[in-house]
Amino acid sequence: MVTARHVETACDSPLAAICALPTSPRKQGEGSHPANMTSAVPRSGLSALISALTLLLLAAPFIGLAFVTSWSHFGFADGDGSAIAVSLCYSVLALILIIALGTPLAWWLARHHMRGQWLIDALLLLALLTPPLALGLLLASMYGPYALAGSLLERAGLTLTNSGPAFVMAQFYSALPYYVIAARAAFEGVPRELEQIALTLGHSPWRSFVHVSLPLARLGLAAAIALAWVRALGEFGAVLIVAYYPQGIPVKLWVNLQNIGLNAVYPLLWVFFLVAMPLPLILGLAARRRRLI
Amino acid sequence: MRIDYRIEHPVALHATFDVEGFTVLLGASGEGKSLLLRAIAGLTPAQGEPFGGMAPQHRAVGYLPQGYALFPHLNAWQNVAFALRGAQRRAQASQLLERVHMAAFAERYPGTLSGGQQQRVALARALARRPQLLLLDEPTSALDPVTRDDVIAELIGEVHEFGIPALAVSHDPHLAAVADRLVLMHGRHIIQIGSPGEVNANPIDGSAARLLGHRNVYRGRIDGARRLIWQDGAIAFPIDSDTFAGDVDWAIDPEAIRLVDAHDDLPDAVPVSVEVRHVMGRTVQLGVRCGQGRLWVSAAVDQAVPESVAVQLPVEAIHWWKRNS
């Protein structure tokens with residue numbers, strides 16, 4: 001029998017777990033019969049204790065932030081406002097590009113298995129592994145003003161150094177592999193049989209994708225989008241190399257630290273949290289609002 | 001409707017037969033029956049008629065896979081309406097649910113429905129597409145054994161009512177028994193076609209008898225002295241074989257076997273021991289150990305079974321088929 005159980009395994013991927021979204025969905029019947037869980041009770045005290053400790057560890061730096069912020073002199077440095085605008089606008093652009101190009105790739109990887117598949121896996125892993133600073137250097141050596149692709153594109157009017165497009169490019173490169181891997185796991189969790197049934201019911205492959213694959217993968221896709229957003233918005237190393245200007249929040253945090261000091265960092269950091277948090281949070285809530293049983 | 005399909009991969013298979021009313025293709029697991037249904041639905045590469053060469057979305061088939069594959073994110077009426085377009089889709093879906101007696105469950109999600117209920121929703125969903133042919137993969141496999149016969153009766157009633165030819169593939173002899181037409185498959189070949197009555201009365205060979213769920217179907221050998229050798233010579237019965245000698249499949253109706261007292265020293269009585277009593281209403285099927293093998297013997301529930309029991313197999317009741325090695 002095909003039930004929600006099969007569909008949501010996508011969220012068990014380690015990458016989806018990195019994400020802040022609640023990714024292990026309640027399974028049918030589970031949790032509704034506490035009487036059946038008695039065997040777990042003796043250990044639950046210990047695991048609750050460890051969980052509390054882990055959460056405390058996780059929260060410690062942010063609790064610290066609340067204390068070290070000088071609330072009486074809370075103010076912004078010059079250019080903080082434009083950094084927020086730059087980060088938000090370009091991250092949205094990068095996210096749109098990532099979804100537009102990454103979704104078809106993720107679906108294709110989930111549905112086709114071919115010889116040499118490990119090469120594609122290795123490529124995705126390579127993109128994940130590259131330290132952000134090194135990624136920036138690689139991008140500069142490819143798309144820089146004197147580099148192969150860079151000089152050609154510049155002739156066509158697209159400058160990929162210290163420009164808006166360069167900023168978006170750096171974010172795109174750093175967040176795309178996370179999105180593709182998480183989205184692939186989401187699509188792999190959709191039973192192929194359901195897509196095929198949609199075909200036998202007269203739907204084209206495209207309609208089957210929209211009406212079956214997407215809704216059934218939506219929890220995992222929401223996690224993938226949230227992950228990509230967080231990665232893109234927080235990207236520092238790659239952006240620093242190829243797009244020192246226009247300055248987004250992460251680079252501006254660094255500049256403020258260098259030029260002014262810690263007191264100029266914290267207010268901008270608070271704003272960063274404020275603008276970065278809503279999208280992943282809302283995605284998580286929206287994805288789980290429609291029940292799936 | 002004439003089915004003629006040839007599949008090359010992953011197994012080679014060629015099947016030609018007519019589907020009339022509720023037709024059951026009976027075969028063991030691994031024969032490629034499900035594959036044949038998928039080929040007709042256009043989900044696996046194959047050549048054949050009807051619908052040859054068409055994309056799956058253009059084939060007018062209603063396909064019910066094993067487990068029914070209802071969409072878990074849609075409720076019952078949304079599942080049925082999946083194949084429908086336009087403003088009237090909800091009303092049409094409700095009508096279809098009503099016809100399969102599931103109107104009361106329109107708002108329920110598949111995970112909360114029983115196997116039989118899911119099957120009816122899946123049937124309504126398949127019918128919404130206005131198919132020329134229904135394809136059912138192991139329709140009895142996900143059913144509760146207690147309600148199974150009723151669910152099958154309901155299903156067949158509905159298929160007849162809608163008047164669409166249906167092809168069900170199964171290894172379940174119970175389903176085969178209620179078909180309008182029965183097609184037997186063995187070794188990736190169609191071995192026998194007919195009504196369940198004809199086929200059950202005269203299975204074409206031992207494999208067919210086994211598929212039909214007949215009890216007491218065994219391998220043996222007929223020697224030159226008109227004796228049936230069973231279990232490599234451990235047991236032998238007289239048999240009516242005119243001139244043939246060689247390897248055979250043989251079978252005997254449990255009702256034809258006679259239970260006798262071993263002390264009576266009757267001719268050709270084989271001593272046995274009772275292993276299991278399978279009570280079925282007023283009769284009981286006794287599973288008796290006979291050498292290394294087991295025979296099923298039908299008896300009245302109140303029939304006295306001697307302490308030291310033996311069986312006699314009447315010559316005229318033993319069916320046998322030559323076996324090609």
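In this predicted model, strands E11(B) and E12(B) form a hairpin with 4 residues between them, and Gln231(B) in the turn has a positive phi of about 55°. The two strands run antiparallel and are joined by 4 bridges, E12 of chain B comprising residues 235–238, and Arg227(B) stands opposite Pro238(B) in E12(B).

E11(B) also takes part in a hairpin with E10(B), again with 4 residues between the strands, where Arg226(B) in the turn has a positive phi of about 55°. Here Ile222(B) stands opposite Leu228(B) in E11(B). The pairings of E11(B) are set out below.

| Strand paired with E11(B) | Residues | Bridges | Direction |
|---|---|---|---|
| E10(B) | 217–222 | 2 bridges | antiparallel |
| E12(B) | 235–238 | 4 bridges | antiparallel |

Strand E11 of chain B, residues 227–230, has a covered face made up of Leu228(B) and Trp230(B), whereas Arg227(B) and Ile229(B) lie on the uncovered face.

On the scale of the whole chain, chain B is divided into domain 1 (2–211) and domain 2 (217–322), whose C-alpha centres lie 38 Å apart. Contact between them involves 4 residues of domain 1 of chain B and 4 residues of domain 2 of chain B, and the domain 1 side divides into 1 nonpolar, 1 polar and 2 charged residues.

UniProt, in an unreviewed entry, lists residues 1–212 of chain B as "domain: ABC transporter"; this span is 33% helix and 22% strand, and its end C-alpha atoms lie 24 Å apart.

Towards the partner chain, 20 residues of chain B are in contact with 21 residues of chain A, and the chain B side has 13 nonpolar, 5 polar and 2 charged residues.

Terms used. Residues are numbered from 1 along each chain as its sequence is written. Chains are lettered from A and ligands numbered from 1 in the order in which they are written. This is a predicted model: local features need pLDDT of at least 70, side-chain atom pairs count only at pLDDT 80 or more; totals for chains, interfaces and linings use all residues. UniProt positions are given in the numbering used here, feature names are shortened, and annotations may be inferred rather than shown by experiment. Two residues are in contact if their C-beta atoms, placed from the backbone, lie within 7 Å. Ala, Val, Leu, Ile, Met, Phe, Trp, Tyr, Cys and Pro count as nonpolar, Asp, Glu, Lys and Arg as charged, and the others, Gly among them, as polar. Domain bounds come from an automatic or database domain assignment. A residue is buried if 20 or more other C-beta atoms lie within 10 Å of its own, exposed if 12 or fewer, and partly exposed in between; C-beta atoms are placed from the backbone. Two strands pair if DSSP finds at least two bridges between them.
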